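Trainee: I would like to learn how to read a model like this one. Please take me through it feature by feature.

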Number of protein chains: 2
Amino acid sequence: MSRRSHAQHAELALLLEVTGTPKPGNVDRQRDHDDLRFEHFVAGAVGSAPGLRLAAGNASLGLAFERGVFGMADQTAGNTQFGALLLLVPLVRAASRGSLDREGVERVVESTTVADACEFYRAFEHVDVAVSDPPGDLAALDVRRGSEAIPALRGRGLTLSDLMAESREVDGVAEEWAAGFPRTFEAAEWILDDERPVPDRAARAFLRLLADRPDTFVEKQRDAATAREATERARAALAGETDPEELAEAFVAEGVNPGTTADLIAAALYVALERGLAV
Amino acid sequence: MSRRSHAQHAELALLLEVTGTPKPGNVDRQRDHDDLRFEHFVAGAVGSAPGLRLAAGNASLGLAFERGVFGMADQTAGNTQFGALLLLVPLVRAASRGSLDREGVERVVESTTVADACEFYRAFEHVDVAVSDPPGDLAALDVRRGSEAIPALRGRGLTLSDLMAESREVDGVAEEWAAGFPRTFEAAEWILDDERPVPDRAARAFLRLLADRPDTFVEKQRDAATAREATERARAALAGETDPEELAEAFVAEGVNPGTTADLIAAALYVALERGLAV
């Protein structure tokens, strides 16, 4: 087995995610966006390591996430791995407790507190994250208010797990939190069952996840129709009807960026590494 | 300034080194060798982090290096960054003492002990490293003997700095140790003065270093004539007479791998990051 710590596995998962190619619409080993390049993801992964170590230790889960985002944001391109860290932190915590499975991570989710929710809001002060507008009655809880929203959060007694449950319909990362990380664990098994180099496995699993369900980041950044269409095109590429490399070129040109699916791949790679995936 | 620790800067330098492309003959963002791929360097960098943290702390320099190599070797392709770590460890130590300049790193080199030399030999037990045969009277000190050579080492009272001075003629990393890291600091300034994305700067500095002097890894793995010819071809690419991308294709096809020059780029990137290079 590997000598890597849980936090090192998580950091390596972030790096392998961005290495996997083609991951249509994402920054990957072969493709950059204009102001968001491969090296920003690399620096983001390295910067997140202290937060990941906190997740493997005894700090509050919210603080581990906030510190991870703080370090991740230490590069010039802004948000690279906010969603991936939000998935990784509870998974690392579960692994460090010896139970990296759906029950184990559900226990971690259920144990989150209002204080964790406050740290989650503080994390939004480090980077601009694409989010939907909250419904009118929840304007006080807009995450973009950062720590200014904390009194409203405390007033309602919302835990981090409550926040995730609120957003599950519109956010694929929150849905994993609310549902026990089913897609993460499933994609980890795809990656483990594949026999090619790890980045190729990551790219294949990405296409499968995207073909399976529209990406909520595309829904937010563009619209639901674009996200549905992206999933149909991923399905065609998976079926061999179109070339994934061409789809990658097309998505980058069109500005279709399935970032939530990439977050899930980072999480799935982490689980696979913990389960013995060799690089 | 960055929030990264000295060890994080060093790990990031390893990752940015392998990201820079084209670095003719090396694994880089665009090119793999058959059994030595990009992801192996990524895993090597992540694995080396605990050793790099020791280098920034109070562990013996030799132990920091040995632990760095031990973690680096935790991937399936063998040696990826032995030489780079041998350069980084004294630089990280100097930075952690507040004096990352030639005088500071010379003080670190001069302070090495016989115990550091013993740890250096132990590091060779973790990976196969390309080395030249020692002269007949030094066969007992062949690094490939690993810790079996330690009695001979102790008998002669050789420090790690002594070992590096012994090898300086045939090894570009040892030459840096013996000479006060002149090429490392010079290339760091090239990188800082350049204005393009960091991986492009790394690739340019690589070509300049290779054009300046034959690579000792090519000398060992192939021969002196091949190394001299590689430097001439790098000079032509630098002068714009040939395309660096074509040179990269040619070197990979011919099995010309200027690995020592890549090690120097990792070290130079580290110094540049410590001096404010933003990613």
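**Reading the model**

Mentor: Start inside chain A. Of the 12 residues of α3(A), 11 are buried, so this helix is largely enclosed by the rest of the structure. Keep in mind that the model is predicted.

Trainee: Which residues of α3(A) are buried?

Mentor: Burial is a neighbour count: 20 or more other C-beta atoms within 10 Å. In α3(A) the buried residues are L61(A), G62(A), L63(A), A64(A), F65(A), E66(A), R67(A), G68(A), V69(A), G71(A) and M72(A).

Trainee: What covers the buried residues of α3(A)?

Mentor: Look for the elements in contact with them. The cover includes α2 (38–56), α4 (82–96), α5 (102–110), α6 (114–123) and α8 (160–167), which belong to chain A.

Trainee: Now a helix pair. At what angle do α1 and α2 of chain B pack?

Mentor: Read the angle and the axis distance together. Helix α1 (residues 6–19) of chain B packs on helix α2 (residues 38–56) of chain B at about 160 degrees, and their axes are 8 Å apart. That makes the two roughly antiparallel, α1(B) against α2(B); the cut-off is an angle over 145. Handedness is read separately: α1(B) and α2(B) make a right-handed crossing.

Trainee: Which residues meet in the contact of α1(B) with α2(B)?

Mentor: Take one helix at a time. From α1(B) come H6(B), A7(B), A10(B), E11(B), L14(B), L15(B) and V18(B). Their partners in α2(B) are F38(B), F41(B), V42(B), A45(B), S48(B), A49(B), L52(B), R53(B) and A56(B).

Trainee: How many residues does each chain give to the contact between the chains?

Mentor: Count each side. Chain A gives 28 residues and chain B gives 28 residues. On the side of chain A that touches chain B, α1 (6–19), α2 and α11 (198–212) of chain A each supply at least two residues. The largest share of that side, eight residues, is from α2(A).

Trainee: Is D28(B) buried or exposed?

Mentor: Count its neighbours. D28(B) has 24 C-beta neighbours inside 10 Å, so D28(B) counts as buried. D28(B) lies in the loop between α1 and α2 of chain B. Leaving out residues up to four places away in sequence, D28(B) touches V18(B), G20(B), T21(B), P22(B) and K23(B).

Trainee: What is the phi of F181(A)?

Mentor: F181(A) has a positive phi of about 55 degrees although it is not a glycine. F181(A) is in the loop between α9 (172–179) and α10 (182–193) of chain A. F181(A) is buried, with 29 other C-beta atoms within 10 Å. In chain B, F181(B) has a positive phi near 55 degrees, and F181(B) is buried with 29 other C-beta atoms within 10 Å.

Methods. Residues numbered from 1 in each chain as written. Chains lettered and ligands numbered in written order. Predicted model: local features only at pLDDT ≥ 70, side-chain atom pairs only at ≥ 80, totals over all residues. Axes fitted to C-alpha atoms, helices over the stretch in contact; angles between N-to-C directions. Helix = DSSP H or I, 4+ residues; strand = E, 2+ residues; numbered from the N terminus. Parallel < 35°, antiparallel > 145°, perpendicular 65-115°, else oblique. Left-handed = near helix turned anticlockwise from the far one by under 90°. Contact = placed C-beta atoms within 7 Å.
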